[in-house]
Amino acid sequence: MYKCQCGFEAEIRSKRCSKVLRISNSKPHREKVGILKTVFVLNGPNLNALGKREPGIYGGKTLAAIADDCKQAGAALGLEIDFRQSNHEGDLVDWIQEAANKAVGIVINPGAYSHTSIAIHDAIRSVAPLPVAEVHLSNIHARESFRHVSMVSSVAVGVICGFGPLGYTLALQALAARL
Ligand SMILES: O=C1C[C@@](O)(C(=O)O)C[C@@H](O)[C@@H]1O
């Protein structure tokens, strides 16, 4: 039996296997305390420079404007958006771990860490079955060969790339359809 700080107590097992799910993310718990489902939208290095960074590749929209788009899309989907960016790999690992207790899913654009980070790959595995959608503004497969491999894709439920900022909204819709 698991007990939340709010007093809600239950043992909730996954439909797919007998694994006990985290109580704070369970639907009955969320319904009881009346909280919206939260999705973490995480952004990796250099994405804070969107708007002025290589606009021919990434477009002219700032990350703040993308955050607004996500919040608007989230509101329509009944999702609360926790939007974050860091240039530091460890922050992204910490936030993925934090999402296990606070979110029903993650949208992540890991930036260049997509191509290198075993730590982010492992962090996503460690919070399974929390669904993770990987997003890239650019089509990484149509760019330099070092961008063709992502450490994240094999542990993501899906990948959206090449559609610019719209990819974030599409990822939120795809996650919402699974909840
Ligand atoms: O920083 C980025 C942005 C990116 O993730 C994208 O959104 O297209 C693609 C990466 O290869 C690059 O390092």
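**A ligand and its pocket**

About 170 Å³ of space lies in the second largest pocket of this predicted model.

User: What makes the ligand count as sitting in the second largest pocket?

Analyst: The test is that more than half of a molecule's atoms lie within 2 Å of the pocket's grid points. The ligand sits in the second largest pocket, so it passes that test.

User: What lines the second largest pocket?

Analyst: The lining has 16 residues. Nearest the centre are Arg-53, Tyr-58, Gly-111, Ala-112 and Arg-147. By class, the lining divides into six nonpolar, seven polar and three charged residues.

User: Which residues surround the ligand?

Analyst: A residue counts if one of its heavy atoms lies within 4 Å. Among those around the ligand are Asn-109, His-115, Ser-138 and Ile-140. The shell has four nonpolar, five polar and two charged residues.

User: What other N or O atoms lie by an oxygen atom of the ligand?

Analyst: Leu-137 has a backbone N or O atom 2.8 Å from a ligand oxygen. Arg-147 places a side-chain N or O atom 2.9 Å from a ligand oxygen. The protein covers 99% of the 330 Å² of accessible area that the ligand has on its own.

User: Where does UniProt place the feature "active site"?

Analyst: The unreviewed UniProt entry puts it at Tyr-58 and His-136.

Definitions and conventions:
Residues are numbered from 1 along each chain as its sequence is written. This is a predicted model: local features need pLDDT of at least 70, side-chain atom pairs count only at pLDDT 80 or more; totals for chains, interfaces and linings use all residues. Side-chain values use heavy atoms; hydrogens and water are left out. A polar contact is a pair of N or O atoms within 3.5 Å; within protein, one must be able to donate a hydrogen and the other to accept it, and residues adjacent in sequence count only if both atoms are side-chain atoms. Accessible areas come from the Shrake-Rupley method with a 1.4 Å probe; for residues, only the protein chains shown count as cover. On a 1 Å grid over the protein atoms alone, a cavity is a set of points where a 1.4 Å probe fits but cannot get out, and a pocket is an open set with protein on both sides within 12 Å along at least five of seven lines; lining residues have an atom within 4 Å of a point. Ala, Val, Leu, Ile, Met, Phe, Trp, Tyr, Cys and Pro count as nonpolar, Asp, Glu, Lys and Arg as charged, and the others, Gly among them, as polar. Grid points are joined across faces, edges and corners, and a volume is the space filled by probe spheres set on the points. UniProt positions are given in the numbering used here, feature names are shortened, and annotations may be inferred rather than shown by experiment.
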